[in-house]
Each structure stands twice: as structure tokens, then as C-alpha cells.
Amino acid sequence: MYEPDQKFLRTETETFFISDFTRALTELKICPGDIVCVHSQIFSLGCPFISKENLLELLTEILQQMVGKNGTLMMPAFSYSFCKKELFDVQNTPSDVGVLTEFFRKQKNVKRTAHPIFSFSVWGEKQEEYLDIGPDAFGLDSVYGKMIKDGGKILLLGADKGYTFYHLAEEHVNVAHRYFKNFSGVMKDEKGVIRHMNVPYFVRDLSMKSDVDERKLSKFLMEKKCQVQLSFRNGTLSVTDCRMAYEALVKALRADERRFL
């Protein structure tokens, strides 16, 4: 169990404690019972006082404590091996999206969704609900789709990127700069069963300007009060309300589908 007065991070001029971090999460309204998906870039916040392994363990424990036994904590465990015609192994293929996500994926009572491109690691009360997803990563029966329905929150932990959920709004509007492409490959599920899969992916049209400007997206979400952001040491922490954000983004894209490019 962590201690609030334990030293946590340091910058060139200041030392920060665990209580500073938990206070910031409380200010961002991360509460017991919440459904939270964490996108992270932890070393942008400052230099840790403890080893990397201990820091990852500490962050996982704090986040689990914040959502509590009735909450659900998730992190992306995306892997693009399937797109490269490589086997996707639910149990063993590493996450490609950060050290905290890979650490979390391997923890006790954490299970991974069986999506061969956009998988998530899930812990908590609604684990089984969030493991039961469809093949379309940006459909309403995806992890993000369920978060929209349930009023889930996305926590950006030191990350200035992490708006993958934005593609649900693009898909809903059927923007012209993206199109469906089917990816075929082999997946080994958590029981060790190997099977062939076809997965639809709403990909960018590379012949058009199709890169998302995440600064525009973040500014819009904060203006619409869908996202709250705090400065924290060398970086930022922010929380986005998935349902509010989705509704605002769909409305904006219907008016101008290239608004955030």
C-alpha cells in the first residue's frame, strides 16, 4: 500500500509526493465506481524517485485505488502485428503503446480483449462486459463504444496524444477521408485456440489530407467542457467524458468533417 507522503517525482526545482498526484486525480473527478481508460506518457511528468518497475507498480495501485472495487480500469494494449501478417497472441503479444500499458497487461486479474489490432487490458467490476466486444474497433460494440454508453472517462496521464476514440465519431459520420479496409490474419485466443479472423478497420485515405491535429481536437473538447486539463509538473493530466465528447464531435463533424485535420 502506498503512503501519501512518499516522494513521487522530481523536476529541476521541485519535489512532489504521491498526495500531490492523488489530489490532482481527485480534482479531475476520478472517483470510486468510475470506468476509466488510461493513455499514458509517464516520463513526461518528471523524473521518478524510485525504479521504473516500482513506479509502474505504484501507478497501477493508485489508479486501481482511485476507481475502487466497483470501478473498472483499462489501458490500451494495441499491437499492429496482425496488420503485418504476424500471429496475434492475446496472452503474449506485447502492447506497443507504452511501458505502463505493457506492465498493466501482465498484472493479476487483468484480462485482454481479443481484438487483434486495438486490444485493451481490463481490470475491475465490468471486466467481462468490456471483454465482450465486436470486430469493429470503432463501432458502438467496441470498448470505446461501451464507454460512451456507460459514461466512461479517458485519462491522459502525461500524454499529449490519446484520442483514438475520436475515430468512432469519424466512423459514425462516415467521413470521406477514411474508408473500411479488411485485415485478415491469425489470432491465438486466451485458451490457446488458433483461428483465422477478418477485422474491419476504418483507415485513413493516404491520398488525402487525413492526419488528425490533436491540438485542435483538445482545444475543441475543452471549449465544449468535455475535457478538463491540469498542468502537472513537466506535463499535463486531463480527463475526457466519452459520452459528451462523442456527441459533440459527431455534431461538429456533420457540420465540417475536415474540421480537425
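Lys 225 is found in the loop between helix 7 (214-223) and strand 12, where helices (H or I, at least four residues) and strands (E, at least two) are DSSP runs numbered from the N terminus. The model is a predicted one, in which local features need pLDDT of at least 70 and side-chain atom pairs count only at pLDDT 80 or more, while totals for chains, interfaces and linings use all residues. Residues are numbered from 1 along each chain as its sequence is written, and side-chain values use heavy atoms, with hydrogens and water left out.

Most residues other than glycine have a negative phi. At 67% relative accessibility, Lys 225 counts as exposed; here buried means under 20% relative accessible area, exposed over 50%, and partly exposed in between (1.4 Å probe, protein chains only).

Turning to the strands, strand 12 (residues 227-232) and strand 13 (residues 235-241) run antiparallel and are joined by 6 bridges; two strands pair if DSSP finds at least two bridges between them. Ser 231 has Thr 236 of strand 13 as its bridge partner. The hairpin of these strands has 2 residues between them, and Arg 233 takes a positive phi near 60° there. Elsewhere, 3 strands form an open antiparallel sheet in the order 2-1-4. Its edge strands are strand 2 (15-17) and strand 4 (47-48), each pairing on one side only. Between strand 1 (residues 7-10) and strand 2 there are 3 bridges in the antiparallel sense, and Lys 7 stands opposite Phe 17 of strand 2.

Helix 5 (residues 143-150) has 6 of its 8 residues buried, so it is largely enclosed by the rest of the structure. The buried residues of helix 5 are Val 143, Tyr 144, Gly 145, Lys 146, Met 147 and Ile 148. Just after helix 5, Gly 151 takes a positive phi of about 70°.

Charged side chains complete the picture. The structure holds 9 salt bridges, each being a side-chain nitrogen of Lys or Arg within 4 Å of a carboxyl oxygen of Asp or Glu. One of them pairs Asp 34 with Lys 153, the closest N and O atoms being 2.8 Å apart. Asp 34 lies in the loop between helix 1 (18-27) and strand 3 (35-40) and Lys 153 in strand 9 (residues 153-157), so the pair ties together parts that are 119 residues apart in sequence. Asp 34 is buried, with a relative accessible area of 12%, and Lys 153 is buried at 15%.

Another salt bridge joins Asp 150 and Lys 126 (3.7 Å, N to O). With Asp 150 in helix 5 and Lys 126 in the loop between strand 8 and helix 4, this pair ties together parts that are 24 residues apart in sequence. Asp 150 is partly exposed, with a relative accessible area of 23%, and Lys 126 is partly exposed at 23% relative accessibility. Glu 102, Arg 105 and Lys 106, in turn, are linked in a network of salt bridges.
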